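New page in the notebook.

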Amino acid sequence: MTLVAGVVAVQGDVSEHADAIRRAAAAHDDPAEVREIRTAGVVPECDVLLLPGGESTTISRHLAADGIDEEIRDHVAAGKPLLATCAGLIVASTDAKDDRVATLDVLDVTVDRNAFGRQVDSFEAPLDVEGLDEPFPAVFIRAPVIDEVDEAVTVLASWDDRPVAVRQGSVVATSFHPELTNDPRVHDLAFFESVLA
Ligand code: GLN
């Protein structure tokens with residue numbers, strides 16, 4: 001089966017995410033076709049979706065202006081996988097504590113934008129992630145902190161006693177950037193574990 005993976009291409013790390021998806025797919029002997037999402041109409045053709053980092057205000061405005069936001073909500077409502085990273089996590093949340101971000105409300109968490117960033121701009125940490133055998137080299141760049149999680153949300157990883165990777169149904173979100181290492185295990189966890197299981 002060819003997996004059709006859509007990467008929101010408003011901003012940020014699109015080719016790195018595409019590479020990670022292809023590597024994860026190759027490990028399952030399944031080809032992946034990656035589509036870049038800039039306009040409405042692409043999301044309905046995708047089996048899985050990726051919402052990368054960048055700047056959450058800009059990303060959310062673009063999604064809302066083009067009607068891509070509704071398509072992503074429909075995708076998640078249909079139980080299809082979504083991986084949201086860093087600013088993508090902020091956009092996917094139900095509450096970004098910032099009116100400038102039009103949240104998608106597909107992940108029942110409250111986030112604090114740039115909370116790690118106030119202390120240290122970026123850092124890398126070996127992270128124990130539920131479902132992965134070995135620690136994941138997690139790169140945090142002006143990362144958001146997850147403040148509150150609904151009981152429907154499972155915390156997959158924490159750093160400094162704060163959740164940094166979560167799952168709710170078909171949605172996986174990380175406050176770090178899993179595309180910035182050559183390690184496709186988080187993409188694998190988000191997409192292939194659920195799609196092919
Ligand atoms: N701090 C950014 C925001 O609030 C997110 C940073 C990132 O995606 N690396 O949108």
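**Entry 1: the shell.** I'm working from a predicted model here. I started with the classes of the residues around the ligand: four are nonpolar, five polar and three charged. Then I wrote down the names, which are Gly53, Gly54, Glu55, Ser56, Cys86, Ala87, Ile90, Arg113, Asn114, Ile141, Arg142 and His177.

Entry 2: With His177 I had to look at the side chain, where an N or O atom is 2.9 Å from a ligand nitrogen. I checked the cover next: on its own the ligand has 300 Å² of accessible area, and the protein covers 94% of that.

Entry 3: Where does the ligand sit? I found it in the largest pocket. I noted a volume of about 200 Å³ for this pocket. Its lining is made up of 15 residues, and Gly54, Glu55, Cys86, Ile141 and Arg142 are the ones nearest the centre. Sorted by class, the lining has six nonpolar, five polar and four charged residues.

**Entry 4: "active site" in UniProt.** I looked up the record, an unreviewed entry, and under "active site" it lists Cys86, His177 and Glu179. They are spread over 94 residues of sequence, but they cluster in space, with a largest C-alpha distance of 10.9 Å. Of these, I found Cys86 and His177 in the lining of the largest pocket.

**Entry 5: "binding site" in UniProt.** The unreviewed entry lists Gly54, Glu55, Ser56, Arg113, Ile141 and Arg142 under this heading. Why do I say they gather at one spot? They span 89 residues in sequence, yet no two of their C-alpha atoms are more than 13.2 Å apart, so one spot it is. I then went back to the lining of the largest pocket, and it includes Gly54, Glu55, Ser56, Arg113, Ile141 and Arg142.

Conventions
Residues are numbered from 1 along each chain as its sequence is written. This is a predicted model: local features need pLDDT of at least 70, side-chain atom pairs count only at pLDDT 80 or more; totals for chains, interfaces and linings use all residues. Side-chain values use heavy atoms; hydrogens and water are left out. On a 1 Å grid over the protein atoms alone, a cavity is a set of points where a 1.4 Å probe fits but cannot get out, and a pocket is an open set with protein on both sides within 12 Å along at least five of seven lines; lining residues have an atom within 4 Å of a point. Grid points are joined across faces, edges and corners, and a volume is the space filled by probe spheres set on the points. Ala, Val, Leu, Ile, Met, Phe, Trp, Tyr, Cys and Pro count as nonpolar, Asp, Glu, Lys and Arg as charged, and the others, Gly among them, as polar. A residue is near a molecule or strand if one of its heavy atoms lies within 4 Å of it. A polar contact is a pair of N or O atoms within 3.5 Å; within protein, one must be able to donate a hydrogen and the other to accept it, and residues adjacent in sequence count only if both atoms are side-chain atoms. Accessible areas come from the Shrake-Rupley method with a 1.4 Å probe; for residues, only the protein chains shown count as cover. A molecule sits in a cavity or pocket if more than half of its atoms lie within 2 Å of its grid points. UniProt positions are given in the numbering used here, feature names are shortened, and annotations may be inferred rather than shown by experiment.
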